[in-house]
Amino acid sequence: MFVISRRILVPHVGKEATVIDRSRRHVAAMNRLGAQARVMKVIMGADAGNVEVFARYNDFKHGIGAFQSFGNDAELTSLRAEQAEHPVADVHGPYVYRYVFGEPSAKTVLVQRSYRVAREKMQLAIELLPEAKEAVGPNTVMTAAVPVFAPEMDHLIVTYAVNDLNQLGEVMDEFAMAPAFQAVVAKAGAIGSLLQARVLQVIA
């Protein structure tokens with residue numbers, strides 16, 4: 001079981017470059033302390049323009065241990081003080097999620113589709129995930145996660161990962177518009193409601 005933490009940064013006008021620089025420094029420190037973290041920018045869809053930091057852990061014990069080490073690290077303490085003294089973004093999180101399907105990858109472009117699913121229907125939604133994976137082709141990595149500590153707990157977040165934007169275009173044309181995937185979308189719509197879709201790109 002993999003655990004994911006997510007920090008959301010909404011840059012202030014004209015401050016995106018500083019947000020990205022600080023996020024890269026933050027991620028480097030997190031990785032030094034045992035996380036597997038990346039900085040991503042939302043480039044299309046919901047939340048476009050946001051910068052987000054995702055970190056992956058093998059389990060909750062690993063994640064909680066890393067979280068405690070972040071609080072005691074001098075470099076991260078300095079970065080927090082820098083943000084407090086000279087804020088350049090509205091910061092939300094960390095929020096925590098756990099994988100219910102798939103394995104993480106190093107691919108750099110992610111499509112995320114977030115569904116609202118009632119608790120009593122969540123298992124039905126999870127059982128549909130293998131069919132969704134088959135419908136997007138062998139070269140697309142697919143994972144799914146549910147919230148553990150987050151503002152909205154009735155979500156299922158499905159992520160499709162590809163190598164780059166060129167491959168994303170190919171996958172959209174060949175698979176996303178094809179009958180097999182659209183059939184899965186119709187089944188998913190009977191279980192839950194699609195709330196948003198977006199594209200993220202790794203920048204560090």
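A charge sits over a ring if NZ of Lys or CZ of Arg is within 6 Å of the ring centre and within 35 degrees of the ring normal. The views below show a predicted model, in which local features need pLDDT of at least 70 and side-chain atom pairs count only at pLDDT 80 or more, while totals for chains, interfaces and linings use all residues. Residues are numbered from 1 along each chain as its sequence is written, and side-chain values use heavy atoms, with hydrogens and water left out.

**View A. Arg 56 and the ring of Phe 2.** Arg 56 lies over the face of Phe 2, at 5.9 Å from the ring centre.

**View B. The largest nonpolar core.** A nonpolar core is a set of buried Ala, Val, Leu, Ile, Met, Phe, Trp, Tyr and Cys residues joined through side-chain atoms within 4.5 Å; buried means under 20% relative accessible area, exposed over 50%, and partly exposed in between (1.4 Å probe, protein chains only). This core has 27 residues, and Val 117, Leu 156, Val 158 and Tyr 160 have the most contacts inside it. Among the elements giving it two or more residues are strand S5 (109–116), helix H4 (122–135) and strand S7 (155–162); helices (H or I, at least four residues) and strands (E, at least two) are DSSP runs, numbered from the N terminus. The most, 7 residues, comes from H4.

**View C. The aromatic pair of Tyr 160 and Phe 181.** Rings of Phe, Tyr and Trp (its six-membered ring) pair if their centres lie within 6.5 Å; planes under 30 degrees apart count as stacked, over 60 as edge-to-face and the rest as tilted. The structure holds 2 aromatic pairs. In this one the ring centres are 6.0 Å apart and the planes stand at 75°, so the pair is edge-to-face. Tyr 160 in strand S7 and Phe 181 in helix H6 are 21 residues apart, and the pair links distant parts of the chain. Both Tyr 160 and Phe 181 are buried.

**View D. Thr 140 in the loop between H4 and S6.** Thr 140 is buried, with a relative accessible area of 3%. A polar atom of its side chain lies 3.3 Å from the backbone oxygen of Val 136. Contacts (heavy atoms within 4.5 Å) of Thr 140, not counting residues up to four places away in sequence, include Tyr 160 and Val 171.

**View E. The buried and exposed residues of H5.** Gln 167, Leu 168, Val 171 and Ala 176 are the buried residues of H5. Seen down the helix axis, they fall within an arc of 105° (taken from the directions from the axis to the C-beta atoms), so they line one face of H5. The face turned away from the buried side carries the exposed residues Asn 166, Glu 170, Asp 173 and Glu 174.

Note on methods:
Polar contact = N/O pair within 3.5 Å; in protein donor to acceptor, adjacent residues only side chain to side chain.
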